[in-house]
Amino acid sequence: MLLEQILNNHSSFLESLHHRFLDGDRKAALQRFENVGFPTKKDEEYKYTSLKEITEKAYNFFPKENHNIAKEQLDELHLGEENFDWITFVNGKLDKELSKVSIENVEFLSFNYALNDEKHRDVFEKYFNTIASDKSTFTNLNQAYCKYGFFLKVPKNIVIEKPIHVFYISQNQEENTFYNTRNLLIVEEGAKVEIIESHHNFDSTYVLTNSVTEIFTHPNAKADWHKLQNDNDTSYLIDNTFAKQERDSLTTVNTFSFGGKLVRNNLDFIQNGSNINSFMNGITIIGKDQLVDHHTAVHHNQPNCESYQNYKGIFDGKSHGVFNGKVFVDKIAQKTNAYQQNNNVLLSEGAIIDTKPQLEIFADDVKCSHGCTVGQLNEDALFYLRARGISKKEAQALLLYAFANDAMQNIDIEPLKEKISKLLAEKLEVDIEF
């Protein structure tokens, strides 16, 4: 059903746009998407994740812009970040009244506005879709339909001291709604920025978000992107993030998955210089019949670089977790240091985890390790805590917090770390402060 809608709505979508310079690229991307279609469980990359629940529904491709989101509702989503900047998109459109942007000396535009601005045409020709192109059926679909999201360029040696929290909110949609969100972040030489991204559906109708984010970190620059995924059970999220790094740069993508009916995270790092550091951390805590699927890939293309992947999963009810981490080391990428670890705890008999760490190494002077574990809580440790008067739920929560904690170690935004701790307690149904 969704496939037919995608093919039938494209002409109307193009006519609704103010800019037309991408029409050829959009049509070509749609053709690539049509040639392949949606992946099924017969595809190796989706063998553990069925998309039938998503693709058999009908969606509205033109969301209603009117809303009645109150400031008090938005305040509940904040992390207590008085010293943050925040950018709020409601039903795909940038809402300036619900945003607070004090950053200076940067270029910030909503994605749709940037597409209509000829001054940024050269930037799009240089960066847009250069690392996301042809990667998957969902990136092609996004290129064909992308309209919402933001463009941010941090000039050379500019350090943005305040983290920027980006909210994507959907409300007052009477039908299931389909968003194709596009983000483009360019961090020039010596610059620094931290982004927090979260999606929130306020309706009982379903929302499908197909998001593509491209991060370009130039020499000696630093970019951190934190994904806080805690939406309701009427939301589907397909997130595709690509990070390309130049020499002496550092890029981090942290993914914290607590909510959403089905979440698929595709994360690709491309190292394009020497002395690069790439960090990927993830914490997944889900229950009921939720599914969270992490697919990561790191491409070590140059020597003397490091990558670090640390994903922790806690699964309850009939939830399903998937982790597939790949590390590719080119033959010239000598002195590579790559670490990958995926540890999981199953809290119920109905919970499932499929995990598959992979290494492909073509260089001989490297330090690469990978591993995965699946198990239950240590009964001796649980008994030790309970013998000291701690309830079973609180003891369990303390052990699980200790289990997940090292995946939070590189978060230097204290309100974000506190929020994750509160969400962990909430998901474990305990009233406890860590």
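Predicted model: local features only at pLDDT ≥ 70, side-chain atom pairs only at ≥ 80, totals over all residues.
Q: Which strands stand at the edges of the nine-strand sheet, and why is one side of each left without a neighbour?
A: The nine strands run in the order β3-β4-β6-β8-β10-β12-β14-β16-β18, and the sheet is open.

Q: What is the average twist from one strand to the next in the nine-strand sheet?
A: The sheet is open and its pairing is mixed. From one strand to the next, the twist averages 5°.

Q: Which residue in β12 stands opposite Y236?
A: Strand β10 (residues 235-245) pairs with strand β12 (residues 262-271) in the parallel sense, over 10 bridges. Y236 faces a residue of β12. That residue is L262.

Q: What angle does the direction of helix α7 make with that of β6?
A: Helix α7 (residues 137-145) packs on the sheet. The helix touches β6 (177-187), β8 (207-217) and β10. Its direction and that of β6 make an angle of about 95°.

Q: Which strands stand at the edges of the 10-strand sheet?
A: This open sheet has mixed pairing and the order β2-β1-β5-β7-β9-β11-β13-β15-β17-β19.

Q: What is the bridge partner of K192 in β9?
A: Strands β7 (residues 192-201) and β9 (residues 222-229) pair in the parallel sense over seven bridges. In β9, K192 has as its bridge partner K222.

Notes. Residues numbered from 1 in each chain as written. Heavy atoms only, no water. Pairing = 2+ DSSP bridges. Helix = DSSP H or I, 4+ residues; strand = E, 2+ residues; numbered from the N terminus. Axes fitted to C-alpha atoms, helices over the stretch in contact; angles between N-to-C directions. Contact = heavy atoms within 4.5 Å.
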